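Please examine the sequence and the structure before reading on.

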Amino acid sequence: IFSPILFTMTILFSLVTTFSEDVLCSQNSTPALPRLEEESLKIVSKLARSTTRMSYVFEGHLFHFLVHRDLVFACTTEETADRRVAFSFLEDVKSTFLRMYVEPVERLNADVCSQFTAVLVDKMAFYSDENNTDKIKVVQRELGKVKDVMVNNLDKLLQRGENIENLVQRTEEMESQAVGFQRTAVRVRREMWWKNAKLQVLIAAIFGVVILVWYFSS
């Protein structure tokens, strides 16, 4: 009897750097593993600029890399982690980083990007939460199903010899379904962001009340 493989998801470390290994921002959620940045940079030094995404296994951990021009977005997870969620995290980090910093890479440094540490902390927490990653996996599975249906249907259409007009029309319909699932993913992400924001406001309010009670009672 084979037991199923259980995928855990904890982002242990994340990094934004350049190909010249100038670290722009990093965050380590596991102080017991202080060498994760050093090991990540060693792998970055061996990455080809033509690389788009890559994962390496080293000492029981997975090192994931997403390359965008002269920038490298990296994270480290346990070896049993789901790679799709890790790359969803990196894509999210990349999109946010590119929105926040529009200047040329040559002008970026650790001081300029210092505020991005808070972004890494929030996103690492979000993607390490099983409740959030379960929803992400559901959306990914639905997108995968749409892709598989599209490929299978195209093969069947070609085998039946249907004309190209019908083929194009049905392809566009299936692409619309894929877009719908992508919008669902965005909506889920926004809902979770608002949920976290409301929780933070509530915690701040409670903390404020405690401070006031202590102040007036002292």
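Q: What is the order of the strands in the open sheet of 5 strands?
A: This is a predicted model, in which local features need pLDDT of at least 70 and side-chain atom pairs count only at pLDDT 80 or more, while totals for chains, interfaces and linings use all residues. Residues are numbered from 1 along each chain as its sequence is written, and side-chain values use heavy atoms, with hydrogens and water left out. Strands (E, at least two residues) and helices (H or I, at least four) are DSSP runs numbered from the N terminus, and two strands pair if DSSP finds at least two bridges between them. The pairing in this open sheet is antiparallel, and the order is S2-S1-S5-S4-S3.

Q: Which strands are the edge strands?
A: An edge strand of this sheet pairs on one side only. That description applies to S2 and S3.

Q: How many bridges join S4 to S5?
A: Strands of a sheet pair through backbone hydrogen bonds, either parallel or antiparallel. S4 and S5 run antiparallel, and Leu62 stands opposite Thr77 in S5. The number of bridges joining S4 to S5 is 8.

Q: At about what angle does H2 run to S4?
A: Axes are lines fitted to C-alpha atoms, for helices over the stretch in contact (heavy atoms within 4.5 Å). Angles run from 0 to 180 degrees between N-to-C directions. H2 lies across S1, S2, S3, S4 and S5, and its angle to S4 is about 40°.

Q: Which strands does H3 touch?
A: H3 packs on the sheet, and its direction makes about 40° with that of S2. The strands touched by H3 are S1 and S2.

Q: Which residues of helix H1 are buried?
A: Buried means under 20% relative accessible area, exposed means over 50%, and partly exposed lies in between (1.4 Å probe, protein chains only). Helix H1 covers residues 36-44, and its buried residues pack against S1, S2, S3, S4 and S5. They are Leu36, Glu39, Ser40, Leu41, Ile43 and Val44.

Q: How far apart are the closest N and O atoms of Glu91 and Lys94?
A: Glu91 and Lys94 are 3 residues apart in helix H2, so about one helical turn separates them. Glu91 is partly exposed, with a relative accessible area of 27%, whereas Lys94 counts as buried at 17%. The closest N and O atoms of this salt bridge are apart by 3.4 Å.

Q: Are Asp92 and Lys123 buried or exposed?
A: Asp92 forms a salt bridge with Lys123, with the closest N and O atoms 3.2 Å apart. Asp92 lies in helix H2 and Lys123 in helix H3, so the pair ties together parts that are 31 residues apart in sequence. As for accessibility, Asp92 and Lys123 are each buried.

How values were computed:
Salt bridge = Lys/Arg side-chain N within 4 Å of Asp/Glu carboxyl O.
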